Each structure stands twice: as C-alpha cells, then as structure tokens.
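Subject: Structure handover

Hi there,

Here is the structure I promised to pass on.

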Amino acid sequence: MRQSQLFTKTRREAPKDEVSKNAQLLIRAGYIHKEMAGVYSYLPLGLRVLNNLIGIIRKEMNAVDGQEVLMSSLQDPELWKQTDRWSDKNVDVWFKSEFKAGGEVGFGWTHEEDITSIANKFVSSYRDLPFSAYQFQTKFRNETRAKSGIMRTREFIMKDMYSFARSADEHEELYEKIASAYDRVYARAGIGEQTYRTFASGGAFSKYSHEYQTVCEAGEDVVYVHEGKRLAVNKEVLEDSVLADLGIKRDELVEKKAIEVGNIFSLGTRFSDALSLKFKEEGGEAKSVIMGCYGIGPGRLMGTIVETLADDKGIVWPAEVAPFRVHLIELSNGNEDVHREAEELYRELGQAGIEALWDDRDARAGEKLNDSDLIGIPLRVVVSEKTLAAGKFECTQRQDGKTEHRSISELLDYLSHA
RNA sequence: CGGGGCGUCGUAUAUCGGUAGUACGCUUGCUUUGGGAGCAAGAUGGCCCAGUUCGAUUCUGGGCGCCCCGACCA
C-alpha cells in the first residue's frame, strides 16, 4: 500500500511510560496503540503482523489435525463451578459481569471447561477419539499488574488447543506431535534458534509440563539451557532428580533469562472427570478421556520477536512475519521520472503477488530511510535519480544492511526464490 | 495485593504561589532535497474535585490514571 495513505505515522520518541523495548518500538513505528494499562489495539501494520503469526500457527495446528473452532468469550458460571474454578478465591484473574435480567457471567480466561462441555455432546464411543480442537480467541485476565508492553496484558488473543485421547499412550503420541508443531511455529516466526523446549512443573497429572522459552534479556523467567540437547529446565524445577530424568549434568547447563512464548501440558482426567466426559471402550466399559492443553499467544510472540531481533535502529521482522515483504522507498523530490519508475515497480511487484509498502510521501530521504529502519520490513528497495541512471534498484536487507543492485527482473527473480 | 514513583500543548521535557518556556510534530510561505534541513509567520497545554490563599499548574486532602519493584502468573 501507499505509505502516504497509511493513517498511522511514526514517532521520534516513545511515550515516557513505556519502558519495554517491544512497546516502545511498536508504538513508535505505529503498530499498536495503548488503550489503557495492559490493553492494546493493533493498527494496520500491527494487525498484518499479528495475522501473519496467526496464519503460521493455524497452518501448523491444521498440519497435526487440529480442528479450528471459536468458543464464546462469555462463560457460564455453572460450568466453572463444576470444576471449582468460578470462585475468586480459587481463580484471581476473572473478569465478571451480570446480565440485565440477573445472573452472573464471566469473561473467559481459558477454555478447558467450555471445550470439555462441548466435547461431551459429541463423544461417547472410542470411535469418536482421538481429536484436537483449537481456536484463536480473545482472553480476558484481570492481572493485578500488567507489564512489559504487549507481553502481559489483560486482553489478548490466544491460540488454545485441547487434545482428547483414549489412553495415556495415545495422549503422549498426540502431545509429542503437537510439540513438534510448536517447534515449527517458532522456527517460522524467526526465533527458532533462541527458543527451547523447557521442562517445567507438571501439576497433578504428569511429572512435567513444557514451556517454550525464548532466550532474551527482557525475559521474566530464568531457565537453564542445555545447548547439546536443545532443551532447557525452568529454574522452578531445577533439582537433581530432574537432571537425572533428563540425563544431563548440572555443569552442562547455562543460566539464561527467557520469555515464555508457549506452554503445553497434560491435563489427565482433571476436566473430563469433573465434567463427566467419558467414552465406551470396545469392551463396553466407560473410561474418562485423557486431555491435553496447548497455548500460544500471538501477541506475546510478536513482542518477543521485537525484543529478540530488533537492533538500535528499530524492528527487524523475519520474512514470514513482516507486514510487507518489500519497503519501496521513492526518493524523487519531485522528479516525475523517478516517481513513474517507483509506480511501475510497485505495480510489477503487485502483479507478482508481492506486497510492498510504497513510501510515496513527500518527505526527505533521511526521514524515509530512518522510518524504514524503524518499521523493519526485510527488504528495502530504493528508487531515486541515482538508481534510475544506473538502471538498477538499490536493494538493502534490513537484517544485515547488505546492499545489492538489481534490475526489475533480477529483483522479481530474487523475491520469487527467497 | 504490599512498596515506591509520576500526571504540564499531539510527543518529549523545563520553569514557577502572580505572563507557562523549549524541542520535535502540526498549519502557511519561501528555499532545500540520499540518513530525521533552513528561515519566517502561526495554532495547540496545567487529569478531576475540594481546601488554603488576594491569587493555585505549583501547597494540602481526596479521587482517577500511568509506570517500576515485589507477590501472583494452567
């Protein structure tokens, strides 16, 4: 799209009350807008990034046979009372409201109860299992303290998947399959190398749960990374018995700060028992369904990418995540030939299916180039009197600043292979 | 929820019990044009409610909001 028509603008300075790098850069570049503490809106550029991340996650969940649903935000207290998770004493993150006609209602902060109740309508036989269902849905959590920009908010979209299996073995198989999908998500999101499957406390039904932790100075968690095995152990569970389980030694571990970008865990029969989700085995015997739960917050993932990959000039988006593939910078200063050349290139890119942000604003070179660095689109293509004379465009990688000069066909060829 | 800090043009910052200034941004004009240009003219501000005072943006109290540390974080 034409940058002159983009209704957001960049800013030189971040608001003084934003301390986290992710929020500072995302606000300065016009990706997000803060509504109140812990509540952010996504603006055109930000929504493009968020949707790209959602697209990646959706594809990977579908690839492991996840079935997408969309559950309601409004939650029925009766359901939650059955699992003892309605009272504010047991759960302190509830947002609650009332119906005009009387009666309480809650805003969902997770959906085990809901999905289990839905599954109950359809699952009765061993033939109905296994399956996994997931959604992208806005969660509400009344955090006592929102913090770190978009990393910990009171309203956020979460991809939450729930698996339903007939046996512990079957559950384990599903669990591992989904875990591998998670690895692919982080790799495609550009933070695969920094992200480790991390052993964390498991709760009542399995010894461990797994977090996906991205090593980053801004992280709130402390993990111990075993580079050889590409895994990590959360500080919370760092004990000799855990090290023995994993076959690793204490001195092989390196302490790092990390951001939790995903969490998967086994639920056992905690919810199926409480809500009577059972199936009949081949022999006719009723058994409780074994469940698992798998979460990723695309917003937090977006923040983590910014925290992890940004440099002192601004954001650096990985290719699959970026709001546009190309940032076309027109430095025409009123030169009609340069302007026409930029317009032509923009059209050609569009025809090739490559989305570009075309900076056609009447602004000086410094402002445009600095904005381009801040916005962080992977490839910057400059069109100017110089490039017009040379017959080649100046193509610069945002990530490493490397520049190459390409003709239009060379550029299209490069983009089709990248 | 405990502790601490902060609310001044759109943004970032000064000052001050008596005229609220600067920078960037914005408007208009001229010049300039490859890493946030120059000149000139202009518009825009004291979170809310009380109290003290001749006079409050400033002092006091309350409210609301925001940030940080901790606790919490299936």
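Pro-130 sits in the loop that links helix 4 (112–122) to strand 7 (131–140); helices (H or I, at least four residues) and strands (E, at least two) are DSSP runs, numbered from the N terminus.

Before the rest, a word on conventions. This is a predicted model, in which local features need pLDDT of at least 70 and side-chain atom pairs count only at pLDDT 80 or more, while totals for chains, interfaces and linings use all residues. Residues are numbered from 1 along each chain as its sequence is written, with chains lettered from A and ligands numbered from 1 in the order in which they are written.

Asp-65 is not a glycine, yet has a positive phi of about 70°. Its loop lies between helix 2 (44–63) and strand 3 (66–68). Asn-333 also is a residue other than glycine with a positive phi, near 45°, and belongs to the loop between strand 17 (326–331) and helix 9 (336–351). Asp-65 is partly exposed, as 14 other C-beta atoms lie within 10 Å, and Asn-333 is partly exposed with 13. (Buried means 20 or more other C-beta atoms within 10 Å of a residue's own, exposed 12 or fewer, partly exposed in between; C-beta atoms are placed from the backbone.)

Strand 5 is joined to strand 6 (residues 104–107) by 4 bridges, and Phe-95 has Phe-107 as its bridge partner.

**The core**

The largest nonpolar core contains 91 residues, and Leu-328, Val-381 and Val-383 are among those with the most contacts inside it. Such a core is a set of buried Ala, Val, Leu, Ile, Met, Phe, Trp, Tyr and Cys residues joined through C-beta atoms within 7 Å. Leaving aside residues up to four places away in sequence, Leu-328 touches several residues, including Trp-358, Val-381 and Val-383 (contact: C-beta atoms, placed from the backbone, within 7 Å).

**Around the RNA**

Of the 42 residues around RNA strand B, Ala-37, Gly-203, Ala-365, Gly-366 and Ser-384 come nearest (near: C-beta atom, placed from the backbone, within 6 Å). Helix 10 gives the largest share of this surface, 8 residues.

Best wishes

Technical notes:
Contact = placed C-beta atoms within 7 Å. Pairing = 2+ DSSP bridges.
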